[in-house]
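Thanks for coming. I will take one chain today, starting from a single residue and ending with the overall form. Please have a look at the structure before I start.

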Amino acid sequence: MIGIQKCCDVGTEHVQDMVKSIVKKNRKFQLLAGEVITSKYLDGIAQEINEKLQNSGQVEMTHLSQEFDLPATFIVDHIKAHIGTTIMGRIHQTQLYTEAFVRRLKSQIRGALHAVTLPVALKTICDTFKLDHKMAFSEVVKMVE
């Protein structure tokens, strides 16, 4: 909004009032931390997140927040709203995973657990096979149940 204020040479309060009025009338716009964001821009972010996720298998949501310069809570809510439609993955704590990544992780854990002949800490297995600790622990708990 500061750019508009400087460009039009009007008071900040006038620009804020007009922007709030526009955002209130048109659902395609959102006001977030003093910035006007369009729904088209947010859809583009969802597509970018999905591309990153499909390429890497997992994405940390705090990195997405930093990359897109948006609040973490907003990014999490935005991802949750697009899971299953634009974003093909699942959320576990602060991570976003593809289903293929989760299946691969389960297979690796199952294989490692079948191979051990002595009691061993799950952390050791995760460190040895470079597995995601949080997700591995969660999947082992599910396997035991």
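**Phe 29 and its contacts**

Leaving aside its neighbours within four places in sequence, Phe 29 is in contact with Ile 22, Val 23, Val 36, Ile 37 and Thr 38; contact means heavy atoms within 4.5 Å. Before I go on, this is a predicted model, in which local features need pLDDT of at least 70 and side-chain atom pairs count only at pLDDT 80 or more, while totals for chains, interfaces and linings use all residues. Residues are numbered from 1 along each chain as its sequence is written, and side-chain values use heavy atoms, with hydrogens and water left out.

Phe 29 lies in strand β1, residues 29-32. Helices (H or I, at least four residues) and strands (E, at least two) are DSSP runs, numbered from the N terminus. With a relative accessible area of 28%, Phe 29 is partly exposed. On that scale, buried means under 20% relative accessible area, exposed over 50%, and partly exposed in between, with a 1.4 Å probe and protein chains only. The C-alpha atoms of Phe 29 and Met 61 are separated by 23 Å, and these two residues are 32 apart along the chain.

Met 61 brings us to helix α4, residues 61-68. Which residues of α4 are buried? They are Met 61, Leu 64, Ser 65 and Phe 68. They cover an arc of only 100° around the axis, so they sit on the same side of α4. The arc is that of the directions from the helix axis to the C-beta atoms. As background, an α-helix has 3.6 residues a turn, so residues three or four places apart point the same way. The face of α4 turned away from the buried side carries the exposed residues His 63 and Gln 66. As for what covers the buried residues, the list includes α3 (39-56), β3 (58-60), α5 (72-82), β4 (90-92) and β5 (95-97).

In α5 we find Phe 74. Phe 74 counts as buried, at 16% relative accessibility. Not counting residues up to four places away in sequence, Phe 74 touches Gln 30, Leu 32 and Leu 42. Phe 74 and Thr 86 are 12 residues apart along the chain, and their C-alpha atoms are separated by 16 Å.

Now two loop residues. Asp 69 lies in the loop between α4 and α5, and its phi is near 55°, a positive value in a residue other than glycine. Asp 69 is exposed, with a relative accessible area of 68%. Lys 130, in the loop between α7 (122-129) and α8 (133-144), also has a positive phi of about 55°. Its relative accessible area is 74%, which makes Lys 130 exposed. For context, most residues other than glycine have a negative phi.

Last, the whole chain. How many helices and strands are there in the protein chain? There are eight helices and five strands, in the order α-α-β-β-α-β-α-α-β-β-α-α-α. The radius of gyration is 22 Å, well over the 15 Å that the globule rule gives for 145 residues, so the chain is more spread out than a compact globule. The radius is taken over C-alpha atoms, and the rule is 2.2 Å times the number of residues to the power 0.38. Along the principal axes, the C-alpha atoms fill a box of roughly 75 × 25 × 25 Å. Of the 145 residues, 31% count as buried.
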